[in-house]
Amino acid sequence: MFVYLNALFVGLLLISNILGVKLFSVGGFILPAAVIVYVVTYLITDVIGEVYGKAAARRTVQAGFVTQVIALIFIFIAIQLPAAPVFGAQTEFEQILGGSFRVILASLLSYIASQNLDVTIFHRLKAKHGEKKLWLRNNVSTMTSQLIDTIIFITIAFWGTVPGSVLLGMIITQYVFKFCIALVDTPLAYLLVRVCRKSASHATSELVAAK
């Protein structure tokens with residue numbers, strides 16, 4: 001399960017960088033499309049930290065950072081490649097992926113700050129409560145780190161492109177959205193932790209049997 005969780009984590013990060021270019025409106029509130037994906041990554045690191053430990057969660061965060069940098073490099077190379085005569089969407093290609101460079105920069109900075117904060121808070125609470133109160137460390141670590149992430153990301157990604165009032169509204173709206181998601185994803189955290197522990201226990205049993 002550890003491999004699958006890491007793959008899902010990295011995949012969602014890359015998708016969120018691309019989706020972050022688009023803004024959508026719900027009930028008059030403006031949000032980057034990445035919010036529907038990125039918020040799940042905090043759940044994944046919490047599950048990894050709970051089952052596999054703090055060091056494993058840190059490695060996952062580091063792997064995500066390196067992968068995003070590599071993706072940025074290859075996107076840049078792809079944009080610079082001369083378009084074939086039959087490819088008539090070079091402008092659109094550059095607008096979508098080229099526009100994501102600033103979003104990726106914002107994502108990298110907010111990511112490294114908030115994800116590491118999430119891991120730190122989560123494991124400080126775990127050291128205090130042990131295996132109990134997963135709901136508490138899941139919510140407190142996610143809600144705190146998401147606030148930092150939202151402020152850094154929105155400010156860097158959209159400063160100067162939208163009015164200040166819209167920028168502030170985006171920060172507040174996105175954080176409220178993430179706050180609500182953090183509240184409702186706790187049952188899923190418990191489910192994933194149970195599945196991962198069962199998988200780890202099964203793998204250990206097979207290893208012992210093989211010896």
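Buried means under 20% relative accessible area, exposed means over 50%, and partly exposed is in between, with a 1.4 Å probe and protein chains only. The views show a predicted model, in which local features need pLDDT of at least 70, side-chain atom pairs count only at pLDDT 80 or more, and totals for chains, interfaces and linings use all residues. Residues are numbered from 1 along each chain as its sequence is written, and side-chain values use heavy atoms, with hydrogens and water left out.

View A. Asp118 belongs to helix α5; helices (H or I, at least four residues) and strands (E, at least two) are DSSP runs, numbered from the N terminus. With a relative accessible area of 0%, Asp118 is buried. Its C-alpha atom is separated by 4.9 Å from that of Ser141, 23 residues apart along the chain.

**View B. The whole chain.** The secondary structure comprises eight helices and two strands. From the N terminus on, the order of elements is α-β-β-α-α-α-α-α-α-α. The C-alpha trace spans about 60 × 45 × 25 Å along its principal axes. Of the 211 residues, 40% count as buried.

**View C. The largest nonpolar core.** A nonpolar core is a set of buried Ala, Val, Leu, Ile, Met, Phe, Trp, Tyr and Cys residues joined through side-chain atoms within 4.5 Å. The largest one has 24 residues, and those with the most contacts inside it are Leu5, Phe9, Ile44, Val47, Ile48 and Tyr111. Two or more residues of this core come from each of α1, α2, α3 (54-80), α5 and α8 (186-210). Helix α2 supplies the largest share, eight residues.

**View D. The cavity.** The search was run on a 1 Å grid over the protein atoms alone, where a cavity is a set of points at which a 1.4 Å probe fits but cannot get out, and lining residues have an atom within 4 Å of a point. Grid points are joined across faces, edges and corners, and a volume is the space filled by probe spheres set on the points. Over the whole structure, one cavity of 30 Å³ or more is found. The largest cavity holds about 110 Å³ of space. It is lined by 13 residues, of which Ser16, Ala34, Tyr38, Ser107 and Phe153 are the closest to its centre. The elements giving two or more residues to the lining are α1 (2-19), α2 (35-52), α5 (100-129), α6 (134-158) and α7 (164-184). Helix α5 gives the most, with three residues. By class, the lining has six nonpolar, five polar and two charged residues. For these classes, Ala, Val, Leu, Ile, Met, Phe, Trp, Tyr, Cys and Pro count as nonpolar, Asp, Glu, Lys and Arg as charged, and the others, Gly among them, as polar.

View E. Rings of Phe, Tyr and Trp (its six-membered ring) pair if their centres lie within 6.5 Å; planes under 30 degrees apart count as stacked, over 60 as edge-to-face and the rest as tilted. The structure holds four such aromatic pairs. In one of them, the ring centres of Phe87 and Phe93 are 6.3 Å apart and the planes stand at 80°, so the pair is edge-to-face. Phe87 is partly exposed at 38% relative accessibility, and Phe93 is partly exposed at 27%. Ala78, in helix α3, is 15 residues apart from Phe93 along the chain, with 9.5 Å between the C-alpha atoms. Ala78 is partly exposed, with a relative accessible area of 29%.

**View F. Arg137 over Phe122.** A charge sits over a ring if NZ of Lys or CZ of Arg is within 6 Å of the ring centre and within 35 degrees of the ring normal. The charged end of Arg137 sits over the ring of Phe122, at 5.6 Å from its centre.

**View G. Lys133 and Leu134.** Lys133 is in the loop between α5 and α6. Most residues other than glycine have a negative phi. Lys133, not a glycine, has a positive phi of about 55°. Its relative accessible area is 40%, so Lys133 is partly exposed. Leu134 lies in helix α6 and counts as buried at 5% relative accessibility. Leu134 and Asp46 are 88 residues apart in sequence, and their C-alpha atoms are 9.2 Å apart in space.

Notes: On a 1 Å grid over the protein atoms alone, a cavity is a set of points where a 1.4 Å probe fits but cannot get out, and a pocket is an open set with protein on both sides within 12 Å along at least five of seven lines; lining residues have an atom within 4 Å of a point.
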